[in-house]
Amino acid sequence: MNELEKDKKQELILMNITGNDRPGLTADIMGILAKYDAKVMDIGQADIHNTLSLGILIRVSENNSGNVMKEVLFKSTELHVNVSFSPITEEDYMSWVNLQGKNRYILTVLGRHLEAKQLGAIANVIAEQGFNIDSILRLSGRPHLEQNAEEKSRACVEFSLRGTPKDKDEMQSKLMSLSKELDMDTSFQKDNMFRRMRRLICFDMDSTLIQTECIDELAMRAGVGDQVKAITESAMRGEIDFKESFTRRVALLKGLDVNVMQEIADNMPITEGAERLIKTLKAYGYKIAILSGGFTFFGKYLQEKLGIDYVYANELEIDENGKLTGKYVGEVVDGKRKAELLRLIAQVEKVDLQQTIAVGDGANDLPMLSLAGLGIAFHAKPRVVASAKQSINTIGLDGVLYFLGFKDSYLKN
Ligand SMILES: [Mg+2]
């Protein structure tokens with residue numbers, strides 16, 4: 001083969017550079033590659049604790065490949081990093097290229113902290129389902145070593161997967177059962193533009209945005225706490241129809257003075273992470289709704305406090321003396337109505353259903369959780385978790401940000 005033919009013939013070489021990261025390393029390596037007219041077919045880098053792993057797949061004429069490797073090797077020695085070269089055949093390269101366009105998924109794993117046991121179980125599911133892992137990204141900040149910081153700590157890792165799961169339903173239920181068993185939360189989502197451009201989030205109110213059931217608070221003050229609580233719990237477990245239970249509970253509140261509502265509102269415990277989540281999503285242009293089987297009064301209070309765009313809940317009837325009549329006004333917002341409202345708001349806001357998120361804890365949230373593009377059961381009753389595709393049980397409401405791909409480092413707090 002003469003020099004001209006050698007110059008035309010191209011080689012594919014994968015270079016892996018590992019060692020202590022230092023400024024200018026990539027620039028130095030690229031300088032050498034540029035000198036020999038190498039094409040960069042792929043490049044990727046991971047940096048952990050100042051130790052880098054840089055991969056560059058180059059295509060360079062056979063004539064120059066020896067010099068490229070020699071110079072990169074010299075430079076690596078000078079920079080105290082390791083380099084290895086692997087020749088790639090054109091067949092191997094093409095079969096890798098043909099994997100392009102395959103389905104992509106995002107698997108998010110979060111918890112108060114993440115352990116090898118948890119990530120190992122996740123990696124097993126990924127392997128069983130025949131996925132390739134394209135990348136692994138830590139979304140949470142670097143964890144501190146001090147134990148006392150653990151109370152509010154959170155950790156999150158996002159896997160980017162390529163391929164088609166062997167059995168998507170089986171995978172989803174396996175992930176949900178592992179989450180429960182190993183004290184973590186997972187979400188498995190198709191990676192597409194909708195996933196990156198969600199626009200509307202609908203929250204349940206009682207036991208989701210706030211850590212109480214307002215109807216129980218009212219009942220306690222009306223002296224019918226135990227009776228109402230028993231009906232609430234039974235309804236949330238899905239044992240009795242929501243509308244029926246609602247009517248029965250409201251009837252028990254007859255005669256209660258409306259002033260107690262303000263007092264309850266002023267003392268409502270807002271769920272950990274709720275304010276951070278809402279503030280962040282608002283800053284990125286999300287529309288925010290409360291769709292509640294509870295009461296409008298408390299929904300409006302939260303709307304004012306948190307800057308919420310839409311509130312749909314139930315209106316209690318009040319007589320001329322400022323006492324509850326034991327009746328409500330208009331249609332009850334039940335599970336079916338919540339889903340209808342989500343669909344309506346999406347239409348009004350001109351967002352695709354795939355761009356919507358719903359978060360709730362009760363059986364009456366299930367219809368909206370399954371309709372939304374991303375339905376999240378939040379610290380939910382077992383029956384709700386069992387029917388949900390993803391849940392958050394280990395950390396606060398701002399865990400939703402991780403499912404949306406927000407890194408802590410993007411956010412100020
Ligand atoms: Mg609820």
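Me: In which sense do strand 9 and strand 13 pair?
Reply: Strand 9 covers residues 200-203, and strand 13 covers residues 356-360. Strands are DSSP E runs of at least two residues, and helices are H or I runs of at least four, each numbered from the N terminus. The two strands share 4 bridges (DSSP must find at least two for a pair). Their sense is parallel.

Me: What kind of model is this?
Reply: Residues count from 1 along each chain as its sequence is written, and side-chain values use heavy atoms, without hydrogens or water. Local features need pLDDT of at least 70, side-chain atom pairs need 80 or more, totals for chains, interfaces and linings use all residues, and the model is predicted.

Me: Which strands stand at the edges of the open sheet?
Reply: The sheet has 7 strands with mixed pairing, in the order 12-11-10-9-13-14-15.

Me: What is the average twist from one strand to the next?
Reply: Angles run from 0 to 180 degrees between N-to-C directions, with axes fitted to C-alpha atoms, for helices over the stretch in contact. For this sheet, the twist averages 25°.

Me: Which helix packs on the sheet, touching strand 12?
Reply: It also touches strand 10 (287-295) and strand 11 (310-318), contact being heavy atoms within 4.5 Å. Its direction makes about 155° with that of strand 12. It spans residues 242-252 and is helix 10.
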